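Here's a quick tour of a two-part protein model.

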Amino acid sequence: MKKIFIYIAFVALLCGCSDFLDREPLSQGTEVIFYKTASQFSQAANSLYNLEGWKNYNGSYELRIDQGTDIAGLSNNGGESAPETDFHWDKPYSYIRNCNILLQKAAEYTGNQTDIANSVGTAYFFRGYQHFYLLQRFGGVPILDHVPDVNDPVIKGPRNSRYEVINFIINDLRAAIPLLPQEKNIAANDKGKISQEAAKAFLARVLLFEATWEKYVPSISYDLDGDGTTVGAGLIKPSGYPTVTDMLTEAKKWAAEVITEAETGTFELWNKCDTLSYYYLFNIDDKNGNVSNFMNAGKSTNKEFILSVKYDPDLNSPSVSITTDIARGALGFSALFGESFLCRNGLPIYISRDGVSREKNPQFLGFEHFCDEFRNRDYRFIGCTLPPDRPRWVGAAAAENQNPRTSESIGKAYPDPVYPKVPYNPNDPAFNSLNTIYTPTLLSVNFTHSGYMCRKFLPEGTRMLNKDTPDWPVIRLAEVHLIYAEATVELGNGQISNQDLDFSVNKNRARARIAPLSNELISGLYDANYFDHVTGRTIIKKMNMLDEIRRERACELFGEGFRENDLKRWGIAHVNLRGQKLGRFVYGTEYMTATANDATYHGQPAYQPDRFQSKNGIIEEAGPDYGRTITTLASDLLYSQRNYLAPVPLTQIRLNKSLTQNPGW
Amino acid sequence: MRHLKSILVCLLMLVSLTAFAQKRITGFVSDASGEPIIGASIMVKGTSNGTITDLNGSFALNADKGVLVVSYIGYKSQELPIAGKTSFTIVLKEDTEVLDEVVVVGYGTAKKASLTSAISQIKGEEAFKDRGINNVSVALQGEIPGLIVTRSSTRPGSEGVSMKIRGDISVNGNSSPLVLIDGVAGSLDELNQLDPNDIENISVLKDASAAIYGARSASGAMLVTTKRGKKGAPKVIYSGSISTTIDGIQMPITTNGQWLDMFYQAQFQDARADNPSITDYSKIAYDKFNWWIMASGSVLGGTIPETGQTLFDLPLYQKLRKGETMTLVRAGNNWVHRYEPNNYIIDELYGQAVSQKHSLSISGADDKFSYMASLGFADNASQLKVAEDGEKKYSGRLNMDYQASKNLKFETGMSYEMRNITTPSTDVGTGWTDPWFWSFYSQTGNVYDTFDGKRSALGGLIEGGQVKTDFTTFRSTMKATYDLSDLTKGLSVSVSGAYKTVQKNIQTLKNKVQYYDYNDNPTGNKQGPGSLTEQMSKWTNTTLGAFLNYERSFLDVHNVSAMLGMTSEEEAYKNVTATRKSGPLYEESGLIDLDAMISGTNNEANGGQNEWAFLSYVTRLNYDYDHRYLIEFVGRRDGSSKLSVNQRWKNFFSISGGWVLSNEKFMKEFDWLSNLKIRYNYGKTGNVEGIGNYERFATISTGTTFFGNGSTLIGQPSLSLGGMTSDSRTWETINSYDAGIDFGFLNNKLYGSFDYFKKTNNGMFIPVTYPATLGASAPKTNNGKFNAKGWEFTLNWKDQIGDFKYNIGGSIGDVKSKIITLENNENVPNPGINSNRLVGMPRNSIYVYETAGIFQTQAEADAFYAKYYWNENHTGPKPGNILPAPAEKGQNRLRPGARILVDRDNDGAITTKDIYFAGDNDPHLTFGFKLGFEYKGFDFQAFLQGVGKQVILRQGNFRAPFAANYTLQNNSFIGKSWSDIAILDPIYDDPATRDKVESTVNLANINTNTNYTILSRNNAFNSFNYDNKDVSVQKSSYMRLKSLVIGYTIPRAITTKAGISNLRVYFSGDDLWEWTKIKDGYDPEYGEQSNNTFPFSRLLSVGVNITF
C-alpha cells in the first residue's frame, strides 16, 4: 500500500507543473500586455519621435547643417565611392518598423478607434517622415508598409520608384492630418507632439520638394531614375500620380492653412529681441536662471517652431558643444552668401538700372572700412555673422561653470568693448579680456579669407560647454511662409501677387527689418552683385520673383539643413557646388592700411603679402571681383549629377541582391 | 509550483519506520597500531542491519547469523561470519588502493572502480592545505587534469581568474563550467567565497557524464562538497597562518635613467635618419637634436629661481640623467617644479603586504547525530602600498546529519560567507605613462602633479576613493532519505531542498583628486566633482528535488543501481543602482551615502530584475556484471522558462561503458597488474550561453520622450517592442566523446589514466545579418559549428619505505579548438589576433609576417624597395603594399636598422597576404606535478604547475621600444638595439661649448648582430618593425613552483600533555619560483597586455594546525 502511494506521489510530481516554467519578464512589459489601452498607444507613439537635432541619427554632432554647400563655404567635394554601410539607410528603417508595429496593433485594437487616433496619426506622420528622409537622400527605396519577418519578400525585394515612395508619403501624411490634434488643443505638457499643422506643413514641404524636383531635375540631363532592374529605382508611376501643378497647388493649400491658423495666434514669428530676434531665436535656453538672451525671453515665448527637438540641460542634453563643434567648427559662412543679403531698402548691395552700369545701393556703405558692410543690411546678416566691432556675450569658456560674461543686463545687446592701448604695453589687461576688440588682420599662414565667422546657433549665456540646450527647429513658421511663396511663384510661372507676398515672405522680411518684397520694388532693376557659379564671377542679372524668393529661402533657412536639397530640386546643385569660389575683398579695403593691435603682431601692417599670402591667390583682373581672394579652386570641387542621389550602401546590395545601385555609383 | 512543494512535504511526512530486534553481539575495532577506530561501519551483509563504532571503537548490534562487513574509509573492508559468536575483536588494515575511493558524481556518489566516465576528484586537503593563497579557483590551478585555470594577477580578490574544463565549446561566452556547491548551482564568485578549509572534495565532470546537468552541462560540471562531521569524539581544529608577499616578476618598466638613455639613443638615431647627408655625428648631437619635452618652452625645464637662468635642452638632460635634485619655476603658469630624478614610481607604489587567515572548526558525530561547524576569517592584501587593495573573507558553516530512525536520515547544511574586496577607484596599475622626474609629493605631502597633466598615479590611488565589492552568500540545504529496504530491498527515496541567496553590492566612490605643484599651488584635478554609486544585486535560488534510488546485487554478479528523480530550480535576480554625480553635499562633507541625492542634480537611479526556472527529470542507470563489464546511462530532460513552449523541453544524455580487464580471469596471472580498465563515453550536453531569460517574449523597451513648453521639460514614458524573437532558437548542443583507460600496477603503487576526447558544438549561436529594411536586428541563430579535441594523462606513484612515505605524480593535457562553420564568413585572416572569425582555425589565431633579419645598409633597403615596393612603371607602390614609402630621408622608411619582411606568397610584393599562422594564444600542454613525502613527523610537498605550449603577441604600449613615445619603456629592450655606430654619452659634455661632443664614453656600442631594430621614437616605424611580426611572437610556456610546504608535527607524546591531540607547524610558499620562455620581462601568466605597473608577488607563509 505504501509502495503504491509513493509511486502515485512520484507520478503526480512529474506532471502538472507546467505553469512553473511560464515566467514573464519582471522589469519589462511584454507584447502580451501592451497595446491594450489608449494610453499605451500614446506611449508607443512617444517612442516614434526619432528626429535629428543637434546630433544626427548616428549620435554624432556631424549635422545636416549646410556644411559644404555654397552658402556655408566649400573646400572640396565629390569623387567619393559608395560606402560599405550608411546609417542614413539603416536607421530610418528601424524607426519605420516601430511605426508599422503601432499601426498593425491599432488595426487589432478592440476599443474605440477615436481614443487612439492621435497615436495612429503620429505613426502615419513618422512613417511618411522617415520615408521622406530616405527619399531625399537615396531616391526610390523599398517601401515598408507592414512589419516584416526575416522571411518577408520585401526584405529581399527591389526598390520602389521615387514616384511610388512619394505617393506613399503623401498618402501617409494625408491620413495623418485628420487624426492629429490641432496645435491649439494640445495641452501645455504635451507641447512638441505632432500637431495637424505640423503634418500639413511637412506635407507642403514634401510636395514642394517633389514638384520642383520633377520640374527642374530633368534639365540636368542625367538619368537618375534608371530602369529599376539594373540601375536606379525605376520609373514606375502609381495610377493617379499627381502632376507637378497638382503638387504645387496642394503644397500652397496646406501652407495657406497653416499660415491662416497661425494668424489666429497659434504660431508667430519670434520677435522678442528687437533686431537680433532672428539670431537669438536659435539659442533660446532659459532653465535654472540661465540667461538666454538680453531680453530674458525663454522657451515658452517661442511660438515659431511648429515641430522641434526639445532639449533640457538636466533631462535631455544633446551633449554637444554647439559653440565649438557646430557654430564655429562645422558651419561656415561664405563671403558670396554674406554679400547676397539685401540692404534694408530690400535691394541688393549693387544694382543696375540698365543691365550694364553698376551702382552701389545708396544704403550700402561699401567694403572700405571693416564695419561698413554690416550697416543698413538685412538683420539676418548680423544674426548669422559677427560684426568685427562688437564683442558678444559668451558661454562659459572654462569647465565648472566659471562663466566670465553673461548677458546679465537686460536690454543690452552687446557687452562693453575693450580696446588695446597704443603704444604696445605687454601688461595691458585688454590682452586678457574676452571683450577685447582687435583689428581684423590677414596674418595667418596661407590665409583663405573665405567668409565671415558664423554666429548662427552660437549660444550666449552661463552654460558650460556641452550643456547648451536650445531646441532644434524641425519645422518653423518662417519655412511655411517660404513654401507658400515658392509654390505660388512656381504655379504663376514666375509671377506672384503683392498680396501673396504680404501673406508669406514679407512677414519674414519684416522681422529682418527689410522692405517688403513687391512687384514694384524690383521692377526694371538688375542685381549687379549676382554671383554666377558657372563662370565664377559676379555678373549683372535682371531681378525676378523666383530668384528673390530663393534668396529669401537661403537667408532665412541658412544652416538648418535645407540648402543641398534645395539646390538639387532646383537642378543647380552640380552648378553651384562646382567651379571656383571667391572670398572677401582685400584690395581697396582697410586691410591695406590698418595695423594689427593684438599682442603678437602689435603695430605690424594688417596685411603683409610678402610674409602671408592668400592660399589660392587674389583676383587681379579688373571688374567687380577685383581684389578679392580665391577661396576654392574648381579642381577641388567634383560634385556631379550622380551626387543628386547618394549611393546605396554596398553591404545592403550584397545582402539583398535585388537592390539596384543609383546611377553613376 | 505550490503543487510541487506540497507534494514534497507529503513525501517527507510519509517517511516513518520501526525496526525489529534480534540477538545482541558486541565488538571492538582498531587499526594495526591498536588505536580504536571511531565510526567504522559494521553491517550484516545483504541487509540494512548495521551500526557504527563509538568513541572507544566498540559496537553493539542485534544479529544472530550471517556475515559481518566491517568497513571504514581508508581501510580495507573485512567480512567475518557471525557463526554464533557474540564478541569480536577486529583489526582493520589500511587500504592503499585508490579504487575504493568514493567519487561524487551527478546526484550521487560512485566508487572510483566502477566509473565509466572522465571524472576527476580532488580532496580539499590535497588542494588547499597549507596554501597561502586563499582563493579556491586560483588554488585549483594545475591540480586537476583538464581543468584549465588562468589568472592575470596576484592581487587578492582581483586575480582575473577564468576557469575552463577541456577548453572552449563555443565562440560565445567564456566556456566556464557549471559550479555546484553542495548540489546548488552557483558561480565562480561563490566558489571563491568559500573557506578552502571547509571543502571536503571537488569533483570535476569532464565528459558527457555532465549531461545529468542538462542544458548547462556543455562546459562540464564542478561539484564541490563541504565537510561533514565524522564519527568520533568532538574534534576542535584551529588552523591559522600569516603570510607576507615578496617580489615576484616585476613589470619590466624603465627607471628615469634608463628611459633617458633610451630616449637619447632614439633621438640620436632619428636625427641621423632625418639628416642622412650629415656624417659628422658630433654635429647631429647638437644641431639636429630634438629635445622634445626637454626643449625650450616645452613641459620640462624652467627657470632656476636663485639665478634666473633658464634650464632646458642638454643641460637639463644632463642634470636629470645625473639624478640632481632641482627646483625650477615653469614659464607660463609659474608653478614650482621639484625634480628628484632618481625616484622610481614602482618603489613608491608597491611594497610588501602581510596577510593572515584563521579558521576554527568543531566536528564530531555519534550514532545518530553528526555535526561540523566552522568559522573562517582571512585578510589578504596586495602589494599596493599607498592605498588599500585586497580582500577580507568571513565564513561560517554548520553541517548536521541526523539519523532520526533506522530508516530515516536527515542531512542539513547552512553556510554564510562574506567577501569584501576593496580596490582604489582609479589608477590601479598606472604610473607607466610618463617618466617620473619629480618629487612624489609637494612640500606638505599633497599629491604632486606630473607634467601639469593630472597623471600622477599616486593622486588617484590615495585620494580618488575606492570600489568596495561585497559578496554575501547564504546557503542552506536539507535532504531527507528514507530507506525503503523493507519494501523493496535496496530501494530508498530522498527529497532535498536548498535555498541560496547571493548578494553583490558594489560601492564606487570617486573623489575629486586635487593635484599641486611643489609649493602647494593647486594645479589641476580629476574626477571632479566626485561621484558615489551604490549597486546592489541579489540572486535567490531555490532548488528542490525528489529521487528514488535503487541499488542491489543479484546472484553476486549482477550489480544494478538506478536513480530516478526530478528537480526544480528557480532563480531570481534583482539589481538596484543609484548614483550621485554632483559631488559632496557641501565642502568637506565627504561622499558617504546617497542621502545627499535628494539635493543636487545629475543623479541617476536604475534597476532591473529577472528570473528563470528549470524543471528537470534526471536519471542514472548502472549495470555492472561481476565488476568486469560496466554500463551507465545518464539522462536529463530539461524544461526551461527561457524558451518558448515549442523549444522548451530538450533531452540530454550520456551513455558509457567500461571493461575492467584486470578482473578477467585470464588477466589474473599478471600479479603486477592491479587495475586495467578501458572506458568509453558518448553523449549530448547543452550550452546555456547566449540564451536570454526572456527569449520568447518581444519585450517592451522603455524610454523617455520630452515634451513641454517652458523652461522645464516633462519626460513622458515611451515604449516600444524591443527586438525580434525567433521560435527556432534553442540550446547549443554539444556531442561529446571520451575514450579512456585507467591502470594500476604493483598493487596500485603506480597508477594513472589516459583520456582522449572530442566535443562538437553543432548548433553554435552566430549572428546572421539581414538587410536593414528588416528594421531590427535578428537574434543569433544555431548556424555555427565548433569543435575541441584533446587528451589528458595522469601518472602517480605512491609508496612507503619504513617510516618514509612518499608520492610523486602529475598530469598533463592538451586541447585544441577549431571553428568548423560560420555562415557568411569571408575567412580572410588579418595580421594579429583573429578572434572567433576564421573557419578551420582556433578561437584566437595569431597571424604574423615572417621576417628575415635587419637591413645593414641603405643599398640593401633600396634593393628591397626596387624588388617589392615599386610597380612596373615605377610610378607607385604595388597594390596592397604595406611597406612604408621610400624617401631620401625621414624616420619611417626602410633604412639600415629596419626590419626585412619575407614575401611568403612570392607575388613580388609585401602585402597582408604574406602573413602566416603562428599559433593560438590558448594554453596547451597544461600540466601539474606533485612531489611529497612524510618522515617521522616531517612532511614536505612541492607542487609545480605550468603550460607547455602557448604563444602570445604582446599588446599595449610596451610591446616594442617606443611603441608609444610618451611612456616609460620596457627595460628588457635596453642594450639590444641595432646600431652601426657607437653613440657617445652626452652626460659628460660641457654644455658651454655647444659645437661638438666631447664625451669619450659610449652610451651604446656598435651592435649589428641583433634582431632588435634601430631605436627610434617614430611610432609608425616601430609598429612596422614589431607589430604582428614573427619576432614579436613569444612562447609563453612556463613552469611555476605553485606551492612548497614543509611541515612538522610535534610528537603526540608532547602535545597530549597540553591537551592537544595534534599540533603541526609549517612553512609554505606560493609561486616561489618559475621558469619561463617569456623574453620581454612579463610574468607568463599576465597575458598579452602590457600597460600596467602592478607586479606579481610570491607569498611566504607560516602556519599552525592544532587539533584538540
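Let's start at a loop: D274(A) sits between helix 7 (244-263) and helix 8 (277-281) of chain A. This residue has a positive phi of about 55 degrees although it isn't a glycine. Bear in mind that what you're looking at is a predicted model. The predictor gives the complex an ipTM of 0.89 and a pTM of 0.75.

**How confident is the predictor?**

- Chain A has an average pLDDT of 88, and 92% of its residues score at least 70.
- Chain B also averages a pLDDT of 88, with 94% of its residues scoring at least 70.
- In chain A, pLDDT stays under 50 over residues 396-405. The model has 27 contacts beyond four places in sequence for that stretch.
- In chain B, the stretch where pLDDT stays under 50 is residues 7-21, with 26 contacts beyond four places in sequence.

**Where the two chains meet**

- How many residues of chain B are in contact with chain A? Look along the interface and you'll find 70 residues of chain B in contact with 69 residues of chain A.
- Together the two chains bury about 6100 Å², and 67% of that is on carbon and sulfur atoms.
- There are 3 salt bridges between chain B and chain A. One of them, if you want to zoom in, is between E611(B) and R23(A), whose closest N and O atoms are 3.4 Å apart.
- Which parts of chain B supply at least two residues each to the side that touches chain A? Among them are helix 1 (2-14), strand 27 (491-510), strand 30 (531-554), strand 31 (558-580) and strand 33 (629-640) of chain B. Strand 36 (699-707) and strand 37 (714-722) of chain B are on that list too.
- Strand 32 (604-625) of chain B is another on the list, and with 8 residues strand 32 gives the most to this side.

**A five-strand sheet in chain B**

- Here 5 strands of chain B form an open sheet in the order 10-15-16-13-14, and the pairing is mixed.
- Strand 10 (119-123) and strand 14 (184-186) of chain B are the edge strands, each pairing on one side only.
- From one strand to the next, the twist averages 25 degrees.
- Strand 13 (residues 178-181) and strand 14 of chain B pair in the antiparallel sense over 3 bridges. To see where they line up, find I181(B): the bridge partner of this residue in strand 14 is V184(B).

**A three-strand sheet in chain B**

- Another open sheet of chain B has 3 strands in the order 42-43-46, with antiparallel pairing.
- Its edge strands are strand 42 (832-835) and strand 46 (916-920), which each pair on one side only.
- Neighbouring strands of this sheet are turned by 35 degrees against each other on average, direction ignored.
- Strand 43 (residues 844-848) pairs with strand 46 of chain B in the antiparallel sense over 3 bridges. V848(B) has Y916(B) as its bridge partner in strand 46.

- Strand 48 (residues 938-949) and strand 53 (residues 1038-1049) of chain B run antiparallel and are joined by 10 bridges. In this pair, A942(B) stands opposite L1044(B) of strand 53.
- Strand 53 of chain B is also joined to strand 54 (residues 1062-1076), by 11 bridges, and these two run antiparallel. Look for L1041(B), which stands opposite W1073(B) in strand 54.
- While you're looking at strands, here's a handy rule: in a regular strand the side chains alternate between the two faces of the sheet.

- In chain A, a cis peptide bond joins V422(A) and P423(A), with omega about -5 degrees. You'll find P423(A) in the loop between helix 11 (379-384) and strand 4 (472-476) of chain A.
- In chain B, G528(B) and P529(B) are joined by a cis peptide bond, with omega about -5 degrees. P529(B) has its place in the loop between strand 29 (522-526) and strand 30 of chain B.

Methods. Residues numbered from 1 in each chain as written. Chains lettered and ligands numbered in written order. Predicted model: local features only at pLDDT ≥ 70, side-chain atom pairs only at ≥ 80, totals over all residues. Heavy atoms only, no water. Pairing = 2+ DSSP bridges. Helix = DSSP H or I, 4+ residues; strand = E, 2+ residues; numbered from the N terminus. Axes fitted to C-alpha atoms, helices over the stretch in contact; angles between N-to-C directions. pLDDT = per-residue confidence, 0-100. Contact = heavy atoms within 4.5 Å. Buried area = accessible area lost by both parts, 1.4 Å probe. Salt bridge = Lys/Arg side-chain N within 4 Å of Asp/Glu carboxyl O.
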